[in-house]
Amino acid sequence: MTHCIFCQIISGEAPADVVYRGLGVMAFRDTRPQAPTHILVIPTRHLSSIGEMQPGDVDLVGGLIATAAKIAESEGLHQGYRLVMNTGPQGGQTVDHLHVHLLGGRQMTWPPG
Ligand code: AMP
């Protein structure tokens with residue numbers, strides 16, 4: 001059994017509130033939502049972080065962002081939303097499986113914490 005919680009969600013070993021499944025991409029609701037809509041969009045192939053990206057992964061990451069935009073539309077986030085990719089410990093990354101946070105449904109502030 002893999003130790004990666006997101007890989008466990010992909011394989012069905014761990015539960016998740018799945019909102020989207022596509023070719024090489026999956027999305028589910030964050031269990032500790034930081035906004036009324038908080039969805040994680042992940043590749044179904046394990047990749048630790050943006051820092052581990054290879055040149056051939058550019059389309060994969062582009063696909064995650066395009067998927068997040070599609071989900072934002074289906075979630076009714078017409079007023080806007082925020083996409084976040086925390087990278088590494090100082091970037092606030094706590095799960096070492098590449099993911100895009102889709103946050104929406106409230107006014108976002110800047111600078112982020
Ligand atoms: P990050 O801190 O950027 O690595 O984001 C990881 C996110 O994954 C956090 O917002 C967590 O709340 C979320 N998370 C951790 N475990 C689960 C899980 N089993 N199902 C859904 N979201 C999770």
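Author: A term first: a pocket is an open set of grid points where a 1.4 Å probe fits, with protein on both sides within 12 Å along at least five of seven lines. This is a predicted model, and the space taken by the ligand is its largest pocket.

Reader: Which elements give two or more residues to the shell around the ligand?
Author: Those are α1 (5–11) and β2 (25–29). The largest share, 3 residues, comes from α1.

Reader: How many residues surround the ligand, and which are the closest?
Author: There are 16, and the closest are Asp-30, Asn-86, Thr-94, Val-95 and His-101. By class, the shell has 6 nonpolar, 7 polar and 3 charged residues.

Reader: What about His-101, how far is its polar side-chain atom from an oxygen atom of the ligand?
Author: That distance is 2.8 Å. For Asn-86, an N or O atom of the side chain is also 2.8 Å from a ligand oxygen. Gly-92 uses its backbone instead: a polar atom there is 3.0 Å from an oxygen of the ligand.

Reader: And how much of the ligand does the protein bury?
Author: The protein buries 83% of the 510 Å² that the ligand exposes when taken alone.

Reader: Switching topic. How many salt bridges are in the whole structure?
Author: A search finds 3. One of them joins the side chains of Asp-17 and Arg-29, at 3.7 Å from N to O.

Reader: Where do Asp-17 and Arg-29 lie?
Author: Asp-17 is in the loop between α1 and β1 (18–22), and Arg-29 is in strand β2, so the pair ties together parts 12 residues apart in sequence.

Technical notes: Residues are numbered from 1 along each chain as its sequence is written. This is a predicted model: local features need pLDDT of at least 70, side-chain atom pairs count only at pLDDT 80 or more; totals for chains, interfaces and linings use all residues. Side-chain values use heavy atoms; hydrogens and water are left out. A residue is near a molecule or strand if one of its heavy atoms lies within 4 Å of it. A polar contact is a pair of N or O atoms within 3.5 Å; within protein, one must be able to donate a hydrogen and the other to accept it, and residues adjacent in sequence count only if both atoms are side-chain atoms. Accessible areas come from the Shrake-Rupley method with a 1.4 Å probe; for residues, only the protein chains shown count as cover. On a 1 Å grid over the protein atoms alone, a cavity is a set of points where a 1.4 Å probe fits but cannot get out, and a pocket is an open set with protein on both sides within 12 Å along at least five of seven lines; lining residues have an atom within 4 Å of a point. A molecule sits in a cavity or pocket if more than half of its atoms lie within 2 Å of its grid points. Helices (H or I, at least four residues) and strands (E, at least two) are DSSP runs, numbered from the N terminus. Ala, Val, Leu, Ile, Met, Phe, Trp, Tyr, Cys and Pro count as nonpolar, Asp, Glu, Lys and Arg as charged, and the others, Gly among them, as polar. A salt bridge is a side-chain nitrogen of Lys or Arg within 4 Å of a carboxyl oxygen of Asp or Glu.
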